[in-house]
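Subject: Structure handover

Hi,

Here is the structure I promised to pass on. Please open it first, then read the notes below.

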Amino acid sequence: MTGSQIPFFGISRQYRDLKEEILDVTDTVYRSGQVLDGAYTRAFEQAIARRCDRKFAVAVNSGTTGLILTLQSLLPPDSNVLIPALSYVATLNSVIYSQCHPRFCDTDHNGLIDLETLDYVFNGEISAIMYANLWGHCVDYDRFAVISDFFNHDVFTIEDAAQSFGARYRGRPSGSLGYASVLSFDPTKNLNNYGSGGMILTDSPLLFEDLQNLRSNGRPGDFHQMGTNVKMSESDCAQLLIKLKYFDRWQTRRTQIAEYYTERLSNYVDVVLPDPGVTSAWSKFVVKCSERHALQAALNRSGIETRITYNKTLPEYPIAGFGPWSEYREAIAFTRECLSLPIYPELADYEVEMICDVIEQYLS
């Protein structure tokens with residue numbers, strides 16, 4: 001918790017509203033003695049699978065772990081994985097940790113994978129494309145699927161949906177837009193855990209079985225393969241089931257705030273909006289401004305906390321081992337101007353208005 005009058009995240013406010021329910025269900029789990037692999041885990045997996053129109057769901061201890069296990073299950077070591085130059089570092093880490101090689105492509109002006117140039121970087125050496133639905137937006141999935149299928153019918157498409165649970169592309173839920181999809185329940189996400197957590201979604205029974213084994217040290221397959229222990233606890237799943245009851249209401253409020261921001265701020269900053277046909281989850285509200293640092297300082301002086309979500313591209317990190325990274329021009333430009341404003345259901349109307357007032361006054 002920061003000392004800001006308007007903090008960037010609303011975790012403490014959410015807990016204040018749900019405290020009684022959260023503590024009650026946690027007590028129920030602990031008194032039962034079943035703290036792993038129980039009914040709450042199964043119920044949570046089934047609930048998320050239904051919401052995402054998937055046949056199978058596997059709960060794991062983080063979104064990063066979900067990406068790693070998916071890559072390890074689908075690809076042999078030394079495979080090449082195409083990822084966007086702009087994403088959270090977990091996208092890059094998961095590729096490297098899986099003993100695969102990252103291959104980058106540029107992003108569009110909204111920070112999503114650039115479908116205009118995808119065909120220039122795509123070749124037969126790519127075994128998987130792992131794209132990220134940043135800010136709660138979705139890529140133009142129909143076009144993305146046509147391009148990937150045209151160049152290689154055997155390539156796996158993995159939806160890094162860590163930020164887009166609750167979003168839809170032409171009516172299809174995020175979490176269903178790929179051979180496999182990975183969600184995150186990190187405290188910063190729309191459906192947020194108090195620790196961490198993730199979910200892998202797929203329609204493949206073979207992948208589902210393999211993932212169940214990988215997360216449980218090789219069980220339930222009688223330890224016929226290597227694995228690890230990366231489960232979510234029963235209390236985590238029980239608490240998230242409580243939050244899931246309120247999720248649609250929260251999403252409606254996020255959308256209301258995003259629409260108000262857009263109406264008030266579009267004449268002052270470049271608002272990062274979803275593409276036509278996309279219903280955004282609005283996990284972030286991002287604007288681009290050439291005076292970003294000065295604007296952020298002005299907001300901070302007014303007690304408003306903001307974040308520079310990504311201040312560099314993935315190829316710029318030393319672990320990428322890549323160069324030159326200057327070719328990813330749109331992604332680099334995005335990191336130099338982007339600023340994320342608070343957007344969470346517990347924001348009061350007067351706080352949203354205050355944020356807009358400060359921005360308008362500074363940039364007028």
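A cavity here is a set of grid points where a 1.4 Å probe fits but cannot get out. Its volume is the space filled by probe spheres set on those points. Please keep in mind that this is a predicted model.

**Cavities**

The structure holds 2 cavities of 30 Å³ or more. By class, the lining of the largest cavity splits into 10 nonpolar, 6 polar and 4 charged residues.

The second largest cavity has a volume of about 50 Å³. Its lining includes Ala 162, Gln 163, Ser 164 and Phe 165. Leu 183, Ser 184 and Phe 185 also line the second largest cavity, as do Lys 189, Asn 190 and Leu 191. Here the classes are 5 nonpolar, 4 polar and 1 charged.

**Helix H12**

Next, look at helix H12, residues 349-363. It has 15 residues and reaches 22 Å from its first C-alpha to its last. That is close to the 21 Å expected at 1.5 Å a residue.

Which residues of H12 are buried? They are Glu 351, Val 352, Ile 355, Cys 356, Val 358, Ile 359 and Glu 360. An α-helix has 3.6 residues a turn, so residues three or four places apart point the same way. The buried residues of H12 pack against H1, H9, helix H10 (292-301) and strand S13 (338-341).

**Strand S4 and its partners**

Strand S4 covers residues 126-132 and is mostly covered, with 6 of its 7 residues buried. Strand S2 (residues 80-84) runs parallel to S4, joined by 3 bridges. There, Asn 80 has Ile 126 of S4 as its bridge partner. S4 also runs parallel to strand S5 (residues 156-160), and 5 bridges join them. In that pairing, Tyr 131 stands opposite Glu 159 in S5.

Strand S12 (residues 285-288) is covered on both faces. Phe 285 and Val 287 are buried on one side, Val 286 and Lys 288 on the other. In a regular strand the side chains alternate between the two faces of the sheet.

S12 pairs with strand S10 (residues 270-271) in the antiparallel sense over 2 bridges. Val 271 stands opposite Val 287 in S12. S12 and S13 also run antiparallel, with 4 bridges between them. Val 286 stands opposite Ser 340 in S13. S13 is also one of the elements that the buried residues of H12 pack against.

**A three-stranded sheet**

Finally, 3 strands form an open sheet in the order S7-S6-S11, with antiparallel pairing. The edges are strand S7 (172-173) and strand S11 (278-279), each pairing on one side only. Strand S6 (residues 168-169) meets S7 over 2 bridges. Across that pair, Tyr 169 stands opposite Arg 172 in S7.

Over to you.

Best wishes

Notes. Residues numbered from 1 in each chain as written. Predicted model: local features only at pLDDT ≥ 70, side-chain atom pairs only at ≥ 80, totals over all residues. Heavy atoms only, no water. 1 Å grid on protein atoms, 1.4 Å probe; cavity = no way out; pocket = protein on both sides within 12 Å on 5 of 7 lines; lining within 4 Å. Nonpolar A, V, L, I, M, F, W, Y, C, P; charged D, E, K, R; others polar. Expected span 1.5 Å × (residues − 1). Buried < 20%, exposed > 50% of the residue type's maximum accessible area, 1.4 Å probe, protein only. Contact = heavy atoms within 4.5 Å. Pairing = 2+ DSSP bridges.
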